[in-house]
Every structure is written in structure tokens, then in C-alpha cells.
Amino acid sequence: MASPSPDLPDEVLEEIFIRLGDAADLARASTVCASFRRVVSGRRFLRRVRSHHAPPVLGFLYGSTSPGFLPAALPRGAAPAGRALAHAADFAFSFLPGNRRWRVRDARVLLSQWSAVFPDLVVADPLHRRYIQIPRIPHELVASLADFYVHTFEPFLDPASDKEKEEEEILPFRVICNVLSETKVATFVFSSATGEWRGVTSFSFRSYGGIRHPGPGSLVRHYASRRFYWTHDSWNYLLVLDTREMKFSIAGLPPNSHGGRRVIFHAGEDMLGLLTLAKQSLEFHWKTLGGSGFGVEEWQHEKTVPLPDCYRYTILDAAEGHLLLRAAPRFLSWYANSS
């Protein structure tokens, strides 16, 4: 089929398509002709779409016992797409090797074995049923942990850089693994570009207060603006990992903001946001990303967001400008299925 717009260069088509606010409109445009499909599927254009339009919430992955996907429900506009994704993809990950149990560790999607201190890892694509097996951390790197007892192994994906090559069929990725003891964290990085692990950094937080009996979930991970942040219920500070320099640091939190679930997120421009759950409201603080150090005076209280009194809440996660709360009716169990 001949192109209906032979005189329009790709740059002009991009400017037209970027003004389509709905992903369904882009999908329909990509079916018109080969030139439209080439522009719409190009990684440069898709990055522009993500920067101009917040991605729709299709649902969320879970994997504490067995992997699965819960699609968005009506009246959300993305509900039909969420149901279509749930039907098309294999979120049980039955295509993974062997008969082993796998758990979701990162929503992009990284999975690990159960019941292993240093488990096998895979990066999986549930839609196309493909996966990449990650080699185990070499013995010589594991031997470098001899100076402390390993309590927790935390693998996660480093979000892809905006500088990947347009012509590559498979985007490069990095898997980061933190190994945690009561007073120290060591970090290893696997690069798909080199196919190798390397030890990059370690950090002792003994002087800031250790963690008694650390286990899975004792540190809660957040991501914003090329940095990972970890919070702990007893800490009034953040453990920060800058992925550009692969260095840890400590940053303070506002007074009285510890003791409950919190989320750290990119709040726009050069701002770092903090949401804390306080009784029946959300407290929103922010600070500039350029700020550093342990000082708590950099945080500014922006607003209090009241929540309906008929529910009890817990913060589950935040990503892509959305906050995920569990809201359970007060007269039901906290873990009621109807939450």
C-alpha cells in the first residue's frame, strides 16, 4: 500500500503524532501505512510520548506468592487495554525454565528463584514470552562479602538510559543487587552490554543506626531522577544510591515523618517529593534535588491531603506520577479481599 503522505518527512509526522493524547489513537495511526508505523514505533518518538503524556495505568504486577497481573477496572479509561494485556500476556511466567517457583522482584520485569540466598535471576517479557537468563554472581565477588553476615539479597533493575542506540533490537539494561547485613550494604551490578557482574560499592550505616534482624522488606526501595532511596521504619533518614556515580550517601527526612510507610518520587522539574501516611491524610513534602547532606531543613511542607474516614489505608507504591493505596473498609479485616 502506498504511503498517504509521501511528502511529509518523519520529523513532521512526529510533531503531528505527538499531539495525539490517546495511546489507542497512536496504535490506529501505526496501522495506516509502513511509514506511519516506522515513526510511531521508533524509540526516539516513544521516549517523547512518555515525556509528554503520563502513561495509562493498565494494572499492577504482584508476586509475593505466585506471579500475576491485576488489570485496571472501570471506570478507568485504560480498563479495556488492561484487560487486553492480561489476556494477551503470560503473567504466570509459565515460559520460564524448569519447574522452579519464581517471584516478581521488579515491574520491568525481573524475577528471582525462591529459597536461595543468591538465587537465579531472569529478565522476562510476558507479552512476547521471552526471557534473558542472568548469570550468577561469580564466586570471587561473593567471597568479598566475608566480612559480614548476609541477611538479605535485593535484586532490581536500573531504569534504561535515554541514550540507548536507536537501531538496537534489545534495549540494554543493568541489574543491581544489594546484599544487606545489620550494618552494611554491598552493591553488585550486571550489565547486559558486557554480560558480566562487577562489585561497585559498599556502605556502612553503623553510625546512623543498624537494622536488627534485617530481612526481605526491612528496607523499602524508591526511585526518582536516577537515584534509588531506601527507608526503614525506625530511620528518620534516607539511604541514597546515585546510579550515575554508583555511590551511597545519607539524606535527612522531615521531623516526625518516620514510623509508617512512605514514598519518595520525582515531583517535577528539580524537585524530590515525599508522601507520608498520617492517620486519615497524606502529608506532602518536597525539596530541591540539588540539596544534599543530612540537613532536614531543606524539606518544605506543601499540603495535607485528607482521605475518607470510612477506610483504613496503607501505601503500597508510587510510580509514573501515580500513588497506589490499599483502602480497606473499617469494619472488615485489614487484609480483606474486598480492599
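Modeller: Let us start with burial: a residue is buried under 20% relative accessible area, exposed over 50%, and partly exposed in between, with a 1.4 Å probe and protein chains only. This is a predicted model, in which local features need pLDDT of at least 70, side-chain atom pairs count only at pLDDT 80 or more, and totals for chains, interfaces and linings use all residues. Residues are numbered from 1 along each chain as its sequence is written, and side-chain values use heavy atoms, with hydrogens and water left out.

Biologist: Why does Phe248 count as buried?

Modeller: Phe248 has 10% relative accessibility, and the limit for buried is under 20%; therefore Phe248 counts as buried.

Biologist: Where is Phe248 placed, and with which residues is it in contact?

Modeller: Phe248 belongs to strand E14. Helices (H or I, at least four residues) and strands (E, at least two) are DSSP runs, numbered from the N terminus. Contact means heavy atoms within 4.5 Å. Leaving aside neighbours within four places in sequence, Phe248 touches several residues, including Asn178, Val185, Phe203, Trp230 and Leu241. From Phe248 to Ser204 there are 44 residues in sequence and 9.4 Å in space, C-alpha to C-alpha.

Biologist: Which strands stand at the edges of the sheet that holds E14, and why?

Modeller: Two strands pair if DSSP finds at least two bridges between them. The open sheet has four strands in the order E11-E12-E13-E14, with antiparallel pairing. Strand E11 (220-224) and strand E14 (247-252) each have a single partner strand, so one side of each is left without a neighbour in the sheet. On average, neighbouring strands of this sheet are turned by 30° against each other, direction ignored. For such angles, axes are lines fitted to C-alpha atoms, for helices over the stretch in contact, and angles run from 0 to 180 degrees between N-to-C directions.

Biologist: How do you know that E11 and E12 pair?

Modeller: At least two bridges are required, and E11 and strand E12 (residues 227-231) have five bridges in the antiparallel sense; therefore they pair. In E12, Tyr229 is the bridge partner of His222.

Biologist: Which bond joins Leu74 and Pro75?

Modeller: A cis peptide bond joins Leu74 and Pro75, with omega about 15°. Pro75 lies in the loop between strand E2 (68-71) and helix H5 (79-88).

Biologist: Why is Lys287 called buried?

Modeller: Lys287 has 4% relative accessibility and therefore counts as buried. Lys287 is found in strand E17.

Biologist: What makes the approach of Lys287 to Glu298 a polar contact?

Modeller: A polar contact is a pair of N or O atoms within 3.5 Å; within protein, one must be able to donate a hydrogen and the other to accept it, and residues adjacent in sequence count only if both atoms are side-chain atoms. The side chains of Lys287 and Glu298 make such a contact at 2.8 Å. Lys287 is also the bridge partner, in E17, of Leu272.

Biologist: How many bridges join E16 and E17?

Modeller: Strand E16 (residues 271-278) and strand E17 (residues 281-288) pair over eight bridges in the antiparallel sense. They belong to an open sheet of four strands in the order E15-E16-E17-E18.

Biologist: Why are the buried residues of helix H2 said to be on the same side?

Modeller: In H2 (residues 23-30), Leu26, Ala29 and Ser30 are buried. They cover an arc of only 100° around the axis, which puts them on the same side of H2; the arc is that of the directions from the helix axis to the C-beta atoms. The buried residues of H2 pack against helix H1 (10-17), helix H3 (34-41) and helix H4 (43-52).
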